[in-house]
Amino acid sequence: AAAAILARQATRESAARTYARSLPIVPTSATGSWITGADGRRYLDFLAGAGTLATGHNHPAVVASIERVLRSGAPLHVLDIATPQKDAFTEELANTLPVGLREDPKLLFCGPTGADAVEAALKLAYTVTGRQNVLAFTGAYHGMTAGALAVTGNVPVKEPLPTAASVVRLPFPYPYRCPFGVGGAASAEISAHYVEQLLDDPCGGITSPAAMILEVVQGEGGVVPAPDGWLRAMRELTSRRGIPLIVDEVQTGVGRTGTFWACERAGVVPDMLVMSKAIGGGLPLAVVAYRADLDVWAPGAHAGTFRGNQLAMAAGLATLRLVRDHGLSDRAGVVGDRLLAGLNHIARGTEIVGDVRGRGLMLGVEIVDPHREPDRTGARPPDATRAAAIRSACLDRGLIIELGGRHDAVLRLLPPLTITDDEADLALEILADAIALSGT
Ligand code: PMP
(Lines give C-alpha, C1' and ligand atoms only; values in the text may rest on other atoms or scores of the structure.)
Protein backbone atom coordinates (compact mmCIF):
# COMPACT_ATOMS: atom_id res chain seq x y z
CA ALA A 1 0.00 0.00 0.00
CA ALA A 2 2.80 2.42 0.92
CA ALA A 3 4.56 1.91 -2.42
CA ALA A 4 1.30 2.50 -4.34
CA ILE A 5 0.60 5.73 -2.42
CA LEU A 6 4.17 6.98 -3.01
CA ALA A 7 3.94 6.20 -6.72
CA ARG A 8 0.51 7.87 -7.10
CA GLN A 9 1.61 11.04 -5.32
CA ALA A 10 4.81 11.22 -7.34
CA THR A 11 2.64 11.21 -10.49
CA ARG A 12 -0.06 13.57 -9.27
CA GLU A 13 1.86 16.15 -7.23
CA SER A 14 4.12 18.90 -8.53
CA ALA A 15 7.79 18.04 -8.85
CA ALA A 16 8.38 21.03 -6.54
CA ARG A 17 7.64 18.74 -3.59
CA THR A 18 10.59 18.92 -1.25
CA TYR A 19 10.57 16.46 1.62
CA ALA A 20 8.75 13.70 -0.26
CA ARG A 21 11.86 12.96 -2.30
CA SER A 22 14.22 12.63 0.64
CA LEU A 23 11.72 10.87 2.90
CA PRO A 24 10.08 8.04 0.97
CA ILE A 25 7.80 7.08 3.84
CA VAL A 26 4.01 7.20 4.25
CA PRO A 27 3.27 8.19 7.85
CA THR A 28 -0.04 6.83 9.10
CA SER A 29 0.23 7.53 12.82
CA ALA A 30 2.53 9.36 15.17
CA THR A 31 3.00 9.90 18.86
CA GLY A 32 5.64 11.80 20.83
CA SER A 33 8.95 11.60 18.94
CA TRP A 34 7.82 8.66 16.80
CA ILE A 35 6.17 8.27 13.40
CA THR A 36 4.76 4.95 12.18
CA GLY A 37 4.74 4.32 8.44
CA ALA A 38 2.12 2.46 6.38
CA ASP A 39 4.54 -0.46 6.29
CA GLY A 40 4.38 -0.67 10.11
CA ARG A 41 7.95 0.61 10.60
CA ARG A 42 8.63 3.15 13.34
CA TYR A 43 10.87 6.18 12.85
CA LEU A 44 12.41 8.48 15.43
CA ASP A 45 11.47 11.94 14.15
CA PHE A 46 14.35 14.43 14.37
CA LEU A 47 12.68 16.76 11.87
CA ALA A 48 9.39 17.25 13.76
CA GLY A 49 7.57 19.17 11.04
CA ALA A 50 10.68 21.31 10.42
CA GLY A 51 10.74 22.27 14.07
CA THR A 52 6.99 22.84 14.32
CA LEU A 53 6.14 20.11 16.83
CA ALA A 54 7.68 21.47 20.03
CA THR A 55 5.69 19.01 22.14
CA GLY A 56 5.97 16.10 19.73
CA HIS A 57 3.29 14.35 17.71
CA ASN A 58 -0.26 14.30 19.07
CA HIS A 59 0.51 15.45 22.59
CA PRO A 60 -2.66 14.57 24.55
CA ALA A 61 -3.03 18.15 25.85
CA VAL A 62 -2.75 19.59 22.34
CA VAL A 63 -5.24 17.09 20.91
CA ALA A 64 -7.65 17.74 23.81
CA SER A 65 -7.44 21.49 23.25
CA ILE A 66 -8.35 21.12 19.56
CA GLU A 67 -11.15 18.66 20.42
CA ARG A 68 -12.59 21.04 22.99
CA VAL A 69 -13.01 23.77 20.36
CA LEU A 70 -14.42 21.33 17.80
CA ARG A 71 -16.98 19.94 20.25
CA SER A 72 -17.93 23.36 21.65
CA GLY A 73 -19.77 24.37 18.50
CA ALA A 74 -17.59 27.48 18.18
CA PRO A 75 -17.23 28.76 14.60
CA LEU A 76 -14.18 27.37 12.81
CA HIS A 77 -13.50 30.58 10.99
CA VAL A 78 -14.63 34.16 11.54
CA LEU A 79 -11.95 36.21 9.75
CA ASP A 80 -10.10 38.26 12.36
CA ILE A 81 -13.11 38.88 14.61
CA ALA A 82 -12.61 38.46 18.39
CA THR A 83 -13.30 35.02 19.91
CA PRO A 84 -12.69 33.57 23.40
CA GLN A 85 -10.15 31.23 21.79
CA LYS A 86 -8.23 34.13 20.29
CA ASP A 87 -8.44 36.03 23.57
CA ALA A 88 -6.85 33.15 25.50
CA PHE A 89 -4.17 32.56 22.87
CA THR A 90 -3.12 36.20 22.49
CA GLU A 91 -2.87 36.66 26.27
CA GLU A 92 -0.69 33.55 26.58
CA LEU A 93 1.48 34.51 23.61
CA ALA A 94 1.95 38.11 24.79
CA ASN A 95 3.17 36.77 28.14
CA THR A 96 5.95 34.80 26.45
CA LEU A 97 7.46 37.83 24.71
CA PRO A 98 10.91 39.10 25.68
CA VAL A 99 10.94 41.75 28.38
CA GLY A 100 11.02 45.07 26.57
CA LEU A 101 8.44 43.89 24.04
CA ARG A 102 6.12 42.15 26.50
CA GLU A 103 4.91 45.33 28.22
CA ASP A 104 2.77 46.72 25.40
CA PRO A 105 3.04 44.58 22.27
CA LYS A 106 0.85 44.69 19.19
CA LEU A 107 0.16 41.30 17.66
CA LEU A 108 -0.53 41.07 13.94
CA PHE A 109 -1.96 37.73 12.82
CA CYS A 110 -0.71 36.83 9.37
CA GLY A 111 -2.09 34.24 7.14
CA PRO A 112 -0.88 31.62 7.97
CA THR A 113 2.77 30.76 7.20
CA GLY A 114 6.15 32.07 8.29
CA ALA A 115 6.73 33.71 4.92
CA ASP A 116 3.48 35.69 5.29
CA ALA A 117 4.63 37.05 8.62
CA VAL A 118 7.99 38.07 7.13
CA GLU A 119 6.13 39.88 4.33
CA ALA A 120 4.02 41.74 6.86
CA ALA A 121 7.03 42.77 8.96
CA LEU A 122 8.91 44.09 5.92
CA LYS A 123 5.88 45.95 4.60
CA LEU A 124 5.26 47.51 8.00
CA ALA A 125 8.90 48.61 8.19
CA TYR A 126 8.58 50.28 4.77
CA THR A 127 5.45 52.11 5.94
CA VAL A 128 6.88 53.15 9.31
CA THR A 129 10.16 54.49 7.96
CA GLY A 130 9.14 55.60 4.46
CA ARG A 131 12.45 54.03 3.33
CA GLN A 132 13.24 51.21 0.95
CA ASN A 133 16.52 49.39 1.52
CA VAL A 134 16.60 46.32 3.76
CA LEU A 135 19.74 44.91 5.36
CA ALA A 136 19.73 41.11 5.21
CA PHE A 137 22.41 38.43 5.62
CA THR A 138 24.23 35.75 3.70
CA GLY A 139 22.75 32.31 4.41
CA ALA A 140 19.43 33.82 5.51
CA TYR A 141 16.14 31.98 4.98
CA HIS A 142 12.89 33.87 5.41
CA GLY A 143 10.44 32.09 3.10
CA MET A 144 9.39 31.63 -0.50
CA THR A 145 7.01 34.53 -1.25
CA ALA A 146 8.38 37.48 -3.20
CA GLY A 147 9.35 39.82 -0.35
CA ALA A 148 10.58 37.03 1.93
CA LEU A 149 12.52 35.53 -0.97
CA ALA A 150 14.23 38.86 -1.63
CA VAL A 151 15.76 38.80 1.86
CA THR A 152 16.57 35.06 1.62
CA GLY A 153 20.18 34.41 0.66
CA ASN A 154 19.68 31.24 -1.34
CA VAL A 155 20.37 32.40 -4.91
CA PRO A 156 19.68 29.13 -6.79
CA VAL A 157 16.01 29.12 -5.77
CA LYS A 158 15.51 32.69 -6.91
CA GLU A 159 17.70 32.87 -10.00
CA PRO A 160 14.83 32.83 -12.50
CA LEU A 161 12.88 35.41 -10.49
CA PRO A 162 13.26 39.17 -10.61
CA THR A 163 15.34 40.10 -7.57
CA ALA A 164 14.35 43.00 -5.36
CA ALA A 165 17.03 45.65 -5.81
CA SER A 166 16.35 47.11 -2.40
CA VAL A 167 18.13 44.40 -0.38
CA VAL A 168 21.71 44.89 0.77
CA ARG A 169 23.33 41.66 1.93
CA LEU A 170 25.84 41.56 4.74
CA PRO A 171 28.03 38.63 5.86
CA PHE A 172 26.42 36.60 8.64
CA PRO A 173 28.93 35.41 11.25
CA TYR A 174 29.81 31.87 10.22
CA PRO A 175 33.08 31.17 12.01
CA TYR A 176 33.62 27.77 10.36
CA ARG A 177 33.67 29.20 6.84
CA CYS A 178 34.34 32.84 7.54
CA PRO A 179 35.17 34.88 4.43
CA PHE A 180 37.43 37.13 6.53
CA GLY A 181 39.44 34.33 8.11
CA VAL A 182 39.04 32.75 11.52
CA GLY A 183 37.11 35.01 13.89
CA GLY A 184 36.73 37.73 11.24
CA ALA A 185 33.08 38.50 10.62
CA ALA A 186 32.19 36.68 13.83
CA SER A 187 33.78 39.59 15.60
CA ALA A 188 31.09 42.00 16.65
CA GLU A 189 33.36 45.02 16.28
CA ILE A 190 34.43 44.24 12.72
CA SER A 191 30.88 43.54 11.59
CA ALA A 192 29.42 46.58 13.25
CA HIS A 193 32.24 48.77 11.90
CA TYR A 194 31.61 47.42 8.39
CA VAL A 195 27.88 48.16 8.54
CA GLU A 196 28.47 51.65 9.92
CA GLN A 197 31.02 52.40 7.17
CA LEU A 198 28.62 51.16 4.53
CA LEU A 199 25.81 53.35 5.82
CA ASP A 200 28.07 56.42 6.10
CA ASP A 201 29.72 55.92 2.70
CA PRO A 202 28.11 58.23 0.12
CA CYS A 203 29.27 55.73 -2.50
CA GLY A 204 28.22 52.65 -0.46
CA GLY A 205 25.20 52.15 -2.68
CA ILE A 206 22.70 52.25 0.16
CA THR A 207 20.55 54.98 1.62
CA SER A 208 19.14 54.77 5.11
CA PRO A 209 17.53 51.32 5.42
CA ALA A 210 13.91 50.55 6.30
CA ALA A 211 14.93 47.54 8.38
CA MET A 212 17.52 44.96 9.28
CA ILE A 213 16.23 41.35 9.29
CA LEU A 214 18.11 38.44 10.86
CA GLU A 215 17.79 34.98 12.38
CA VAL A 216 19.41 34.39 15.77
CA VAL A 217 20.36 30.88 14.67
CA GLN A 218 20.19 30.41 10.91
CA GLY A 219 18.28 27.18 10.31
CA GLU A 220 18.03 26.44 6.60
CA GLY A 221 21.35 28.30 6.18
CA GLY A 222 23.08 25.43 8.02
CA VAL A 223 22.33 25.83 11.75
CA VAL A 224 24.62 28.79 12.31
CA PRO A 225 24.21 30.52 15.69
CA ALA A 226 25.00 34.23 15.82
CA PRO A 227 27.36 35.13 18.67
CA ASP A 228 25.63 37.08 21.46
CA GLY A 229 28.05 40.00 21.17
CA TRP A 230 27.40 40.27 17.44
CA LEU A 231 23.64 40.35 18.03
CA ARG A 232 24.04 43.05 20.65
CA ALA A 233 26.24 45.08 18.27
CA MET A 234 23.56 44.84 15.54
CA ARG A 235 20.89 45.88 18.04
CA GLU A 236 22.98 48.81 19.26
CA LEU A 237 23.71 50.20 15.83
CA THR A 238 20.16 49.76 14.50
CA SER A 239 18.73 51.46 17.61
CA ARG A 240 21.17 54.34 17.37
CA ARG A 241 20.38 54.87 13.69
CA GLY A 242 16.60 54.41 13.95
CA ILE A 243 16.55 51.24 11.82
CA PRO A 244 13.83 48.77 12.89
CA LEU A 245 15.33 45.37 13.77
CA ILE A 246 13.19 42.44 12.61
CA VAL A 247 14.17 39.17 14.30
CA ASP A 248 12.82 36.11 12.48
CA GLU A 249 12.18 33.44 15.12
CA VAL A 250 9.99 31.26 12.92
CA GLN A 251 12.31 28.30 13.54
CA THR A 252 14.14 29.28 16.74
CA GLY A 253 11.07 30.27 18.79
CA VAL A 254 9.07 28.52 21.53
CA GLY A 255 11.95 27.13 23.55
CA ARG A 256 13.89 25.36 20.83
CA THR A 257 17.26 26.99 21.49
CA GLY A 258 17.12 26.82 25.30
CA THR A 259 15.34 30.12 25.96
CA PHE A 260 11.72 30.77 24.97
CA TRP A 261 12.85 33.19 22.26
CA ALA A 262 16.40 32.78 21.00
CA CYS A 263 17.10 36.54 21.15
CA GLU A 264 16.61 36.48 24.94
CA ARG A 265 19.98 34.75 25.49
CA ALA A 266 21.82 37.82 24.17
CA GLY A 267 19.37 40.20 25.87
CA VAL A 268 18.42 41.61 22.48
CA VAL A 269 14.89 43.02 22.12
CA PRO A 270 13.72 43.28 18.52
CA ASP A 271 11.39 45.98 17.22
CA MET A 272 9.47 43.24 15.41
CA LEU A 273 9.48 39.55 16.31
CA VAL A 274 8.34 37.19 13.55
CA MET A 275 6.87 33.88 14.72
CA SER A 276 5.21 30.84 13.20
CA LYS A 277 5.85 27.05 13.21
CA ALA A 278 5.63 25.94 16.89
CA ILE A 279 3.25 28.72 18.00
CA GLY A 280 0.46 26.85 16.15
CA GLY A 281 1.20 23.52 17.84
CA GLY A 282 1.36 21.75 14.46
CA LEU A 283 -1.36 23.76 12.70
CA PRO A 284 -0.67 26.82 10.51
CA LEU A 285 -0.36 30.09 12.41
CA ALA A 286 1.89 33.12 12.06
CA VAL A 287 2.15 36.34 14.04
CA VAL A 288 4.33 39.44 14.08
CA ALA A 289 4.72 41.04 17.52
CA TYR A 290 5.93 44.62 17.54
CA ARG A 291 6.19 47.75 19.63
CA ALA A 292 2.92 49.65 19.91
CA ASP A 293 4.41 52.83 18.42
CA LEU A 294 5.00 50.94 15.13
CA ASP A 295 1.27 50.21 14.79
CA VAL A 296 0.74 52.79 12.06
CA TRP A 297 -1.38 50.87 9.56
CA ALA A 298 -4.99 51.90 9.09
CA PRO A 299 -7.59 49.10 9.29
CA GLY A 300 -7.44 47.06 6.08
CA ALA A 301 -3.91 48.14 5.17
CA HIS A 302 -2.72 44.54 5.34
CA ALA A 303 -5.74 42.27 4.96
CA GLY A 304 -5.96 38.47 4.68
CA THR A 305 -8.73 35.87 4.86
CA PHE A 306 -7.05 33.19 6.93
CA ARG A 307 -5.55 35.01 9.85
CA GLY A 308 -5.55 33.29 13.17
CA ASN A 309 -7.17 29.93 12.56
CA GLN A 310 -9.27 28.96 15.60
CA LEU A 311 -8.01 25.37 15.80
CA ALA A 312 -4.38 26.48 15.38
CA MET A 313 -4.88 28.92 18.25
CA ALA A 314 -6.24 26.07 20.39
CA ALA A 315 -3.28 23.83 19.55
CA GLY A 316 -0.90 26.75 20.03
CA LEU A 317 -2.38 27.70 23.39
CA ALA A 318 -1.89 24.16 24.72
CA THR A 319 1.66 24.08 23.32
CA LEU A 320 2.67 27.41 24.85
CA ARG A 321 1.30 26.25 28.22
CA LEU A 322 3.14 22.92 28.04
CA VAL A 323 6.43 24.63 27.19
CA ARG A 324 5.94 27.01 30.13
CA ASP A 325 4.62 24.54 32.71
CA HIS A 326 7.07 21.75 31.92
CA GLY A 327 10.12 23.99 31.55
CA LEU A 328 10.68 22.70 28.02
CA SER A 329 13.04 25.58 27.09
CA ASP A 330 15.42 24.53 29.86
CA ARG A 331 14.93 20.89 28.94
CA ALA A 332 15.87 21.70 25.31
CA GLY A 333 19.09 23.23 26.63
CA VAL A 334 19.94 20.18 28.75
CA VAL A 335 19.16 17.45 26.22
CA GLY A 336 20.68 19.63 23.49
CA ASP A 337 23.96 19.70 25.42
CA ARG A 338 23.80 15.90 25.73
CA LEU A 339 23.38 15.59 21.96
CA LEU A 340 26.10 18.18 21.32
CA ALA A 341 28.56 16.25 23.51
CA GLY A 342 27.67 13.00 21.70
CA LEU A 343 28.06 14.63 18.29
CA ASN A 344 31.45 16.10 19.27
CA HIS A 345 32.51 12.63 20.39
CA ILE A 346 31.48 11.21 17.00
CA ALA A 347 33.32 14.07 15.24
CA ARG A 348 36.60 13.26 17.03
CA GLY A 349 36.59 9.78 15.51
CA THR A 350 36.10 10.76 11.85
CA GLU A 351 37.54 13.05 9.20
CA ILE A 352 34.20 13.71 7.51
CA VAL A 353 32.67 15.88 10.24
CA GLY A 354 34.03 19.39 9.77
CA ASP A 355 31.97 21.19 12.39
CA VAL A 356 29.35 20.50 15.06
CA ARG A 357 27.27 23.45 16.23
CA GLY A 358 23.90 24.69 17.40
CA ARG A 359 21.87 25.73 20.41
CA GLY A 360 19.45 23.62 22.40
CA LEU A 361 17.57 21.31 20.06
CA MET A 362 18.62 23.04 16.88
CA LEU A 363 21.83 21.24 15.98
CA GLY A 364 23.95 20.90 12.86
CA VAL A 365 26.77 18.61 11.73
CA GLU A 366 28.69 19.87 8.70
CA ILE A 367 29.93 17.05 6.48
CA VAL A 368 33.15 17.68 4.55
CA ASP A 369 35.25 15.87 1.96
CA PRO A 370 38.34 14.51 3.75
CA HIS A 371 40.14 13.92 0.45
CA ARG A 372 40.18 17.56 -0.58
CA GLU A 373 42.45 20.27 0.78
CA PRO A 374 41.20 22.67 3.48
CA ASP A 375 40.89 26.36 2.56
CA ARG A 376 42.87 29.03 4.38
CA THR A 377 40.50 28.97 7.37
CA GLY A 378 41.20 25.24 7.82
CA ALA A 379 37.73 24.13 6.64
CA ARG A 380 37.54 21.33 4.07
CA PRO A 381 35.03 21.61 1.18
CA PRO A 382 31.43 20.63 2.01
CA ASP A 383 30.34 17.17 0.84
CA ALA A 384 26.65 17.10 -0.10
CA THR A 385 26.81 13.59 -1.59
CA ARG A 386 28.17 12.11 1.61
CA ALA A 387 25.62 14.10 3.69
CA ALA A 388 22.77 12.70 1.56
CA ALA A 389 24.16 9.18 2.02
CA ILE A 390 24.21 9.70 5.80
CA ARG A 391 20.62 10.96 5.83
CA SER A 392 19.56 7.93 3.84
CA ALA A 393 21.52 5.53 6.10
CA CYS A 394 19.80 7.16 9.10
CA LEU A 395 16.38 6.62 7.53
CA ASP A 396 17.24 2.96 6.87
CA ARG A 397 18.03 2.66 10.58
CA GLY A 398 14.81 4.41 11.61
CA LEU A 399 15.94 8.01 12.20
CA ILE A 400 14.50 10.97 10.26
CA ILE A 401 16.86 13.94 9.85
CA GLU A 402 17.05 16.74 7.30
CA LEU A 403 19.88 18.42 5.40
CA GLY A 404 20.50 22.12 5.03
CA GLY A 405 23.19 24.72 4.74
CA ARG A 406 24.74 26.60 1.85
CA HIS A 407 25.74 23.38 0.09
CA ASP A 408 23.19 20.94 1.52
CA ALA A 409 26.02 19.35 3.47
CA VAL A 410 24.79 20.03 7.01
CA LEU A 411 22.86 17.33 8.90
CA ARG A 412 20.10 19.16 10.78
CA LEU A 413 18.62 17.85 14.01
CA LEU A 414 15.29 19.41 15.08
CA PRO A 415 13.61 16.90 17.41
CA PRO A 416 10.58 17.68 19.59
CA LEU A 417 11.55 19.43 22.86
CA THR A 418 10.00 16.48 24.68
CA ILE A 419 12.58 13.86 23.59
CA THR A 420 13.89 11.62 26.34
CA ASP A 421 17.57 11.01 27.09
CA ASP A 422 17.13 7.48 25.71
CA GLU A 423 15.75 8.83 22.44
CA ALA A 424 18.66 11.27 22.21
CA ASP A 425 21.12 8.42 22.82
CA LEU A 426 19.41 6.22 20.23
CA ALA A 427 19.68 9.02 17.65
CA LEU A 428 23.40 9.38 18.48
CA GLU A 429 23.92 5.63 18.02
CA ILE A 430 22.23 5.69 14.63
CA LEU A 431 24.13 8.80 13.55
CA ALA A 432 27.45 7.28 14.65
CA ASP A 433 26.68 4.18 12.59
CA ALA A 434 25.55 6.12 9.54
CA ILE A 435 28.58 8.43 9.70
CA ALA A 436 31.02 5.52 10.15
CA LEU A 437 29.48 3.84 7.12
CA SER A 438 30.11 6.95 4.98
CA GLY A 439 33.44 7.77 6.54
CA THR A 440 36.14 6.93 4.05
N1 PMP B 1 11.80 32.08 8.46
C2 PMP B 1 12.54 31.06 8.92
C3 PMP B 1 13.66 31.36 9.86
C4 PMP B 1 12.25 29.75 8.55
O5 PMP B 1 13.01 28.74 9.01
C6 PMP B 1 11.16 29.50 7.68
C7 PMP B 1 10.77 28.10 7.26
N8 PMP B 1 11.73 27.14 7.33
C9 PMP B 1 10.42 30.59 7.22
C10 PMP B 1 10.75 31.86 7.65
C11 PMP B 1 9.27 30.41 6.28
O12 PMP B 1 8.20 29.81 6.91
P13 PMP B 1 7.09 29.07 6.05
O14 PMP B 1 7.73 27.87 5.42
O15 PMP B 1 6.03 28.70 7.02
O16 PMP B 1 6.61 30.05 5.03
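Two residues are in contact if their C-beta atoms, placed from the backbone, lie within 7 Å. With that criterion in mind, colleagues, I turn to this predicted model. Among contacts in the protein chain between residues at least 6 apart in sequence, 73% join residues at least 24 apart.

Let me begin with the overall fold. The protein chain comprises 14 helices and 17 strands. Its 440 residues would, as a compact globule, have a radius of gyration near 22 Å, and the chain has 22 Å, which agrees. Along the principal axes, the C-alpha atoms fill a box of roughly 65 × 55 × 45 Å. Of the 440 residues, 48% count as buried.

I come next to the domains. The domain assignment gives domain 1 as 2–58 + 327–437 and domain 2 as 62–325. Their C-alpha centres lie 25 Å apart. How many residues of each domain take part in the contact between domain 1 and domain 2? On the side of domain 1 there are 33, and on the side of domain 2 there are 32. The elements of domain 1 that give two or more residues to this side are α3 (48–51), α12 (328–348), β13 (353–359), β14 (362–367) and β17 (410–413). By class, that side of domain 1 has 11 nonpolar, 15 polar and seven charged residues.

Finally, the ligand. There are 15 residues around the ligand, of which T113, G114, A115, G143 and V250 come nearest. Which element gives the most to this shell? Helix α6 (residues 114–129) does, with three residues. By class, the shell has five nonpolar, seven polar and three charged residues.

Technical notes: Residues are numbered from 1 along each chain as its sequence is written. This is a predicted model: local features need pLDDT of at least 70, side-chain atom pairs count only at pLDDT 80 or more; totals for chains, interfaces and linings use all residues. A residue is near a molecule or strand if its C-beta atom, placed from the backbone, lies within 6 Å of it. Helices (H or I, at least four residues) and strands (E, at least two) are DSSP runs, numbered from the N terminus. Ala, Val, Leu, Ile, Met, Phe, Trp, Tyr, Cys and Pro count as nonpolar, Asp, Glu, Lys and Arg as charged, and the others, Gly among them, as polar. The radius of gyration is taken over C-alpha atoms; the globule rule is 2.2 Å times the number of residues to the power 0.38. A residue is buried if 20 or more other C-beta atoms lie within 10 Å of its own, exposed if 12 or fewer, and partly exposed in between; C-beta atoms are placed from the backbone. Domain bounds come from an automatic or database domain assignment.
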